[in-house]
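Subject: Structure handover and findings

Hello,

Here is the structure I promised to pass on. Please open it next to this email as you read.

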Amino acid sequence: MRKLRILHLYPDRMNIYGDMGNIICLQKRMDWFGLKHEYITNTVSEKLSGKFDLIFMGGGQDRGQIAVGSDLQTKQAIIKDHINSGVPALTICGGYQLFGKYFLTKDSGKIEGISVFDVVTKATELRMIGNIVCVSDEFGTIVGFENHSGATQLGDSAQPLAKVIKGYGNDGKSGFEGVIYKNAIGSYLHGPLLPKNPSLADFLIGTAARNIDKQFILKNIDDSVAMLANSYAQKLPQ
Amino acid sequence: MKKTAAILAAKVVKSASRIKKTAATAAPGYLAERIDPNLLKKLGSINFPDGVVLVTGTNGKTTTTKVLADVLRNGDISFVNNRAGSNLSRGVISSILTEANLRGFTQARVGLFEVDEAYLPEVAAALQPKMVVVTNLFRDQLDRYGELDSIANKFRQAFKNLHSTTLVLNADDPLVASLGMKLSGSLKVLYFGISDKSAFRALQHDNSADSIVDPFSGDTLRYTHRYFGHIGLYTTKSHSFSRPKPQINVTKLIKSSEKSIKINVKTTTELLSVSVNLSGNYNIYNVLPAFATAQLFRINNTIVLQTLANLSAAFGRTEAMQIDKTIFDLYLIKNPTGFNQVIQSFIQKDSKCPLILAINDNIADGRDVSWLWDCAIEDFASRVGPVILTGTRALDMQLRLIYAGYKGKIITETNAKNALKTALGLAKNNRVIVLPTYTAMLSLRSLINEANDETSKEFWQ
């Protein structure tokens, strides 16, 4: 199989919560699965062209988000083409918000998103911080840490990623966490998300690989430490 | 009246906690602050005729404060210092009250206080300092402090209300450097920095950079040289924002060993050859504010030179402890930059000695351990071993090691005492490197002390 091309959007500006951990996890697991991969970064005022097999974007500070938001508009078409053709993507926190319709900030007005997800986010006075546990039929129990004051509401067509068992999730009220559209995921869980939730990592990797070779099967790898860490995190206080 | 009641109450608590031998360093100040919320301001206005020095920033503030204390002491300037503990406003109050009479007067000419970033605005407003040192600003316990930009903005606001203060700022940290720009009024700025590009060997997996944009325009910074994290020599494409030229400037790193560092420092008036009795080149940043202090308090630079050449080994949040013949080198780790500095300075060579990683997630450690993924674990994964894991988040660390490609032996000991025992067995009278988070350091340190206490020999059986 050819090399899987991982696109990391704005790694220099959207990187504050251990976001590289998700990239480290994807790359290492691809190594273990015997998949070759290439890591491509793209940031503000760089041209984005070509085809990618997996897209990642992390969370950043509000300041970072304004410049990123306007730059992302210029890349909207190519990113949406990818997502609509089934390319897997993971967006965390600020990345999740900007893949939605808009983010209404407290001090900097409205930052337009690129509407991959049918969600809107509004700044609140409540800082939603703490350990979070949620559950999904497809991915099992997902654990992580959240730290956001933006509250995200799902539109009519949006599917949540998971149900919150402990923690705030999208807005602290709806009981939902994250969003999934086609193979693109948005989530507030950093921590980072993938190492302790290998089912999510393998969904992204497996989808990327099967977009190239329909028959591709991920072989079993030893995730015993990850699963222990996952079970341990389920018991942590919020 | 309120003031006297507050001071009296604090003194009572203080002597009570002495009798009980508890280490409640902030409790008297906390109580006094509750009785009189303006107490710090009142204490500031009647004390410290020569002025107040505040030291803040993410990393290095304890070391920097200790260095400045030595400089003042050797310069024969009396001062009050909060070295015994808390760097919150109540800790500052406690330390003043310890030295004060019932009317709140101390004999000290200077107040020297380490201040937590979150409390700087409050403490600065109350004490109107003569000098504020900002060492650096890195991501640290985002669950507690919030984002860096908001901290920097709070600093900017706080500085607007100061008069005739000198800001002593790290020129090599873009966010800190920006605090000295576009200032209004009577504030002065002294920058310190390192201009010798050979001072730091770059790490391969350094993900700890936080502030890589111009804080004013949002333009991306270009680094001609990056030391660690976002510390280095930088400018924007249009040069609208660049590293300011330091008035206290390390022009050359002459020598750096496991015991000491030799540098050339150019100040506005002279070129000095400086010996620093510390290891770890990042500590250079923690001694440079000493020259600013000398300038502001009219202390001769020869006194600074003598002080730096004779710093005690307990500096630098680095501690060498011992059980029998085994040396335990403790390096506090609390954020990616601090962790990476330890890796950069102390684990670059193949040490192949036991390493204890003790990661807790108590409030004082930061409850979010995602920062472990921003540390350059890959850079030392092949250089150490075996690794002994302990702490509440040992599993997170184990997972991080696996993903970093560490192939050596991992021993997990839930119990910290067992972790030390295991390390003792493996070290064979040699050396053990210990990297603990804050609360893990406290417990390991007291366990090591306990092991050396004759009366508790059976403890280790």
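Predicted model: local features only at pLDDT ≥ 70, side-chain atom pairs only at ≥ 80, totals over all residues.

Residues are numbered from 1 along each chain as its sequence is written, and chains are lettered from A and ligands numbered from 1 in the order in which they are written.

**Domains**

Chain B is divided into domain 1 (2–309) and domain 2 (318–460). These bounds come from an automatic or database domain assignment. The C-alpha centres of the two domains of chain B lie 28 Å apart. Their contact takes 23 residues from domain 1 of chain B and 19 residues from domain 2 of chain B. Two residues are in contact if their C-beta atoms, placed from the backbone, lie within 7 Å. On the domain 1 side, H7(B) gives the most, with three residues. That side divides into six nonpolar, 11 polar and six charged residues. Ala, Val, Leu, Ile, Met, Phe, Trp, Tyr, Cys and Pro count as nonpolar, Asp, Glu, Lys and Arg as charged, and the others, Gly among them, as polar.

**The nine-stranded sheet**

Helices (H or I, at least four residues) and strands (E, at least two) are DSSP runs, numbered from the N terminus. In chain B, nine strands form an open sheet in the order S2-S3-S1-S4-S5-S6-S9-S10-S11, with mixed pairing. Two strands pair if DSSP finds at least two bridges between them. Strand S2 (79–81) and strand S11 (271–276) of chain B are the edge strands, and each pairs on one side only. From one strand to the next, the twist averages 20°. For that angle, axes are lines fitted to C-alpha atoms, for helices over the stretch in contact, and angles run from 0 to 180 degrees between N-to-C directions. Strand S6 (residues 188–194) and strand S9 (residues 248–256) of chain B run parallel, joined by three bridges. There, B:Ile194 has B:Val250 in S9(B) as its bridge partner.

**Strands S14 to S17**

Now look at strand S14 (residues 355–358) of chain B. Four bridges join S14(B) to strand S15 (residues 387–390) of chain B, and the two run parallel. B:Ile356 has B:Ile388 in S15(B) as its bridge partner. Four bridges also join S14(B) to strand S17 (residues 431–436) of chain B, again parallel. B:Ala358 stands opposite B:Pro436 in S17(B). S15(B) in turn is joined by three bridges to strand S16 (residues 410–412) of chain B, running parallel. B:Leu389 stands opposite B:Thr412 in S16(B). From S15(B) the chain crosses through helix H14 (residues 394–403) of chain B to S16(B), and this β-α-β crossover is right-handed. Right-handed means that, with the strands pointing away from the viewer, the path from the first strand over the helix to the second runs clockwise.

A residue is buried if 20 or more other C-beta atoms lie within 10 Å of its own, exposed if 12 or fewer, and partly exposed in between.

Nine of the 10 residues of H14(B) are buried, so the helix is largely enclosed by the rest of the structure. Its buried residues pack against helix H1 (20–32), helix H5 (193–196) and helix H7 (224–234) of chain A, together with S14, S15 and S16 of chain B. After H14(B) comes B:Gly405, whose phi is positive, near 85°.

The contact between the chains takes 23 residues from chain B and 30 residues from chain A. H14(B) gives the most to the chain B side, with six residues. That side divides into 10 nonpolar, five polar and eight charged residues.

**One loop residue**

B:Leu311 sits in the loop between helix H12 (301–309) and strand S12 (318–323) of chain B. B:Leu311 counts as buried because it has 21 C-beta neighbours inside 10 Å. Not counting residues up to four places away in sequence, B:Leu311 touches B:Val67, B:Asp70, B:Val276, B:Asn277 and B:Leu278.

Best wishes
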